[in-house]
Amino acid sequence: MDTALLHPVDGYAFTLPPGAGESRAPIVLYGDRELIADMDDKVLEQILNVARLPGIVGAAMAMPDAHWGYGFPIGGVAAFDPENGGIVSAGGVGFDISCGIRCLRTSLHLADLAGHERELANSLFQHIPAGVGREGRIRLSLRELDAVLADGAHWAVRQGYGQAEDLAFIEDGGRAEGAQPERVSPVAKERQLGEMGTLGSGNHYLEVQWVDRIFDAEAARAFGIEQDMLLVSIHCGSRGLGHQIGTEFLLSLAKAAGRLGIALPDRELACAPILSPEGEQYLGAMRAGINCALANRQILTQLTRDVFARVLSGSRLETLFDVSHNTCKEESHEVAGQPRQLFVHRKGATRAFGPGHPALPERYRASGQPVIIGGSMGTGSYLLAGTVESEARAFSSASHGAGRQMSRHAALRRWQGRQVVDELAGAGIHIRTASMRGVAEEAPGAYKDVHHVAEATERAGLARRVAFLRPKVCVKG
Amino acid sequence: MPDNDASTSGYGYFDHDADVGVIGRGDRLEAAFESAAAATFALMAEPAAVRADERLAVEFVEGDVELALATWLNLLLGEARRRGLVLREFHLHRDGERWRGEARGERWHEGIERGVEVKGATLTALRVSCGPGGVEARCVVDV
């Protein structure tokens, strides 16, 4: 992206003033000049399109890890006011509804893993279904799936997957209110009947990590983590059901745009007024998709606990936090000194409530919400905490990952899966994968520098760094 | 957005930051759509490794040819996933706005090396164009 076009708001925020006669909301790109310069031109084009959607409040924003997405850039954030013609966009949520990361804190440290790495990697790979075409061990009836879509992680806990204590540390307490399973098509449900408790493929993973560096000792204490402690991160979403919901509503809303009086700057931004039958139908289905994802990660949490219990007996795994990064949530935000109920789209962006936010569990009320920036399997990930200032900066939102710097096809031309697996094994990182092609596409070099993204996220005031986590075992779909 | 296959028939790919762009080419619209489906499913498994044992049929009505491309691919992806199939052969017939297609493949098994899961066809970079070399159909698919 040509940053010469942009005007600095401050050192870590840039904007592009509207041209003469141009009617749109402001835009803000967060990050330093180097990160923004590395972004595809499409990021600017897409965030400008978002700024033209009806009922937008404040600016259309791109997080420091933004890259070219669908309609919204990945790393896009925008809030809409239902009372002012605001819309909900299927493209603004994305296909993998409620894709997110569950982070588990273990009772183990790096030294406890010594000599057990291969056994743990093999056992996780054996018991966590991963990869295209692979179903889980759970086969639901349509009626059972409706209960999943209504109750999210609560359903999973009732079935014995995990503990009631997990629920307080999941966004929305483990269940999105207002889900309407009846708005989800039979095709979407049938796609999901065998996919509960599966990881999927692409950039999804289950990773055993260790705390390599602590930046904020006080927040680390609140998160219950310490130097060398083992954590587990599970990155996946609503699987086939979420994609089918996204696909169906994207096409139907794109076709309905004219009738709804919406001039779409990009068909992928297909949307409907929040206060319209179409908008309410999408919201009902999308919330069901969120519950599907929350239940899925809850099941995977228990499968992970079962493996740890077998390989490292006596270990305990507690949910540190579970946060989604493909959602539209109704939230209260202060705008010009007044609280307003807004629908905040975070497409490849993480909710990042700051200290004192009433939605946070008591444990994190002083530190701020745990925010997870997932990095590549070769470098590592960051745990951060939400800040008070992020509320005014970005409706309490932050980066969600390192962000790709190279397309999948370019990565395939450059690396071979076996070579990547062997190189990482040499570095003490044990990869188990259903797809060598997938590993090549996800090679560490295909991603931006996660340290740079996390530092920019902090300097932009979106979240502050708490700890850096290094990978030890990674199961890839 | 460089293309990775400059041939005028068959299929190829183009770059997208997060996912993959598929290109189908043919001497007519239906052939280009069939090639786009082949490109999509080749991301999930090497076509030569898939047997054409089971048949899957889809049918839809769509007047907009670009939306028809997305619909065709999404119906194939959804139905294949529902039935646990990986596909390799595709045939499509158009009668005005009515489209009838079929595909052949087999159920996933451990003998098929897995690529990456394509979960849906998007409207991003969606384009169907005619030129001297025939018809080209392209869009980004979500993996």
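In what order do the elements of chain B run, from the N terminus on?

A: A caution comes before the answer: this is a predicted model. Starting at the N terminus, chain B runs β-β-α-β-α-β-β-β-β-β. That is 2 helices and 8 strands.

Take the overall form of chain B next. Its C-alpha trace spans about 40 × 35 × 20 Å along the principal axes. A compact globule of 143 residues would have a radius of gyration near 15 Å, and the 14 Å of chain B agrees with that. Of these 143 residues, 52% count as buried. Among contacts in chain B with a separation of 6 or more, 59% link residues 24 or more positions apart.

Now the helices of chain B. Two packed helices are described by the angle between their axes and the distance between the axes. Helix H1 covers residues 29–42 of chain B, and helix H2 covers residues 65–83 of chain B. They pack at an angle of about 40 degrees. Their axes lie 10 Å apart. The angle makes H1(B) oblique to H2(B). The crossing of H1(B) and H2(B) is right-handed.

Which residues meet there? H1(B) brings Leu29(B), Phe33(B), Ala36(B), Ala37(B) and Thr40(B). H2(B) brings Val65(B), Leu69(B), Trp72(B), Leu73(B) and Leu76(B). Sorted by class, the contact of H1(B) with H2(B) has 9 nonpolar residues, 1 polar residue and no charged residues.

Chain B also touches chain A. The contact takes 30 residues from chain B and 36 residues from chain A. On the chain A side, the elements that give two or more residues are strand S4 (56–70), helix H9 (186–192), helix H11 (239–256), helix H14 (408–414) and helix H16 (436–441). H11(A) gives the largest share of that side, 8 residues. By class, the chain A side divides into 11 nonpolar, 16 polar and 9 charged residues.

Follow H11(A) into its own chain. There H11(A) packs with helix H12 (residues 277–311) of chain A. The angle is about 165 degrees, and the axes are 9 Å apart. This makes H11(A) roughly antiparallel to H12(A). The crossing of H11(A) and H12(A) is left-handed. From H11(A), the contact uses Arg239(A), Leu241(A), Gly242(A), Ile245(A), Phe249(A), Leu253(A) and Ala256(A). From H12(A) come Glu278(A), Tyr282(A), Ala285(A), Met286(A), Gly289(A), Cys292(A), Ala293(A) and Asn296(A). The contact of H11(A) with H12(A) counts 10 nonpolar, 3 polar and 2 charged residues.

In chain A, helix H2 (residues 41–50) has buried residues Val43(A), Leu44(A), Gln46(A), Ile47(A), Asn49(A) and Val50(A). What covers these buried residues of H2(A) includes S4(A), together with strand S3 (27–30) and strand S5 (72–80) of chain A.

Step back to chain A as a whole. Its secondary structure comes to 17 helices and 19 strands. The C-alpha trace of chain A spans about 65 × 50 × 50 Å along its principal axes. With 477 residues, a compact globule would have a radius of gyration near 23 Å, and the 21 Å of chain A agrees. Of the 477 residues, 64% count as buried. In chain A, residues 24 or more positions apart make 78% of the contacts with a separation of 6 or more.

Most residues other than glycine have a negative phi. Ala336(A) is not a glycine, yet it has a positive phi of about 50 degrees. Ala336(A) sits in the loop between strand S12 (326–335) and strand S13 (338–347) of chain A. Ser396(A) is not a glycine either, and its phi is positive, about 55 degrees. Ser396(A) is found in the loop between helix H13 (389–394) and strand S17 (397–398) of chain A.

Is each of these residues buried or exposed? Ala336(A) counts as exposed, because it has 7 C-beta neighbours inside 10 Å. Ser396(A) is buried, because 29 other C-beta atoms lie within 10 Å.

Terms used
Residues are numbered from 1 along each chain as its sequence is written. Chains are lettered from A and ligands numbered from 1 in the order in which they are written. This is a predicted model: local features need pLDDT of at least 70, side-chain atom pairs count only at pLDDT 80 or more; totals for chains, interfaces and linings use all residues. Helices (H or I, at least four residues) and strands (E, at least two) are DSSP runs, numbered from the N terminus. The radius of gyration is taken over C-alpha atoms; the globule rule is 2.2 Å times the number of residues to the power 0.38. A residue is buried if 20 or more other C-beta atoms lie within 10 Å of its own, exposed if 12 or fewer, and partly exposed in between; C-beta atoms are placed from the backbone. Two residues are in contact if their C-beta atoms, placed from the backbone, lie within 7 Å. Ala, Val, Leu, Ile, Met, Phe, Trp, Tyr, Cys and Pro count as nonpolar, Asp, Glu, Lys and Arg as charged, and the others, Gly among them, as polar. Axes are lines fitted to C-alpha atoms, for helices over the stretch in contact, and angles run from 0 to 180 degrees between N-to-C directions. Angles under 35 degrees count as roughly parallel, over 145 as roughly antiparallel, 65 to 115 as roughly perpendicular and the rest as oblique. A crossing is left-handed if the near helix is turned anticlockwise from the far one by less than a right angle, and right-handed if clockwise.
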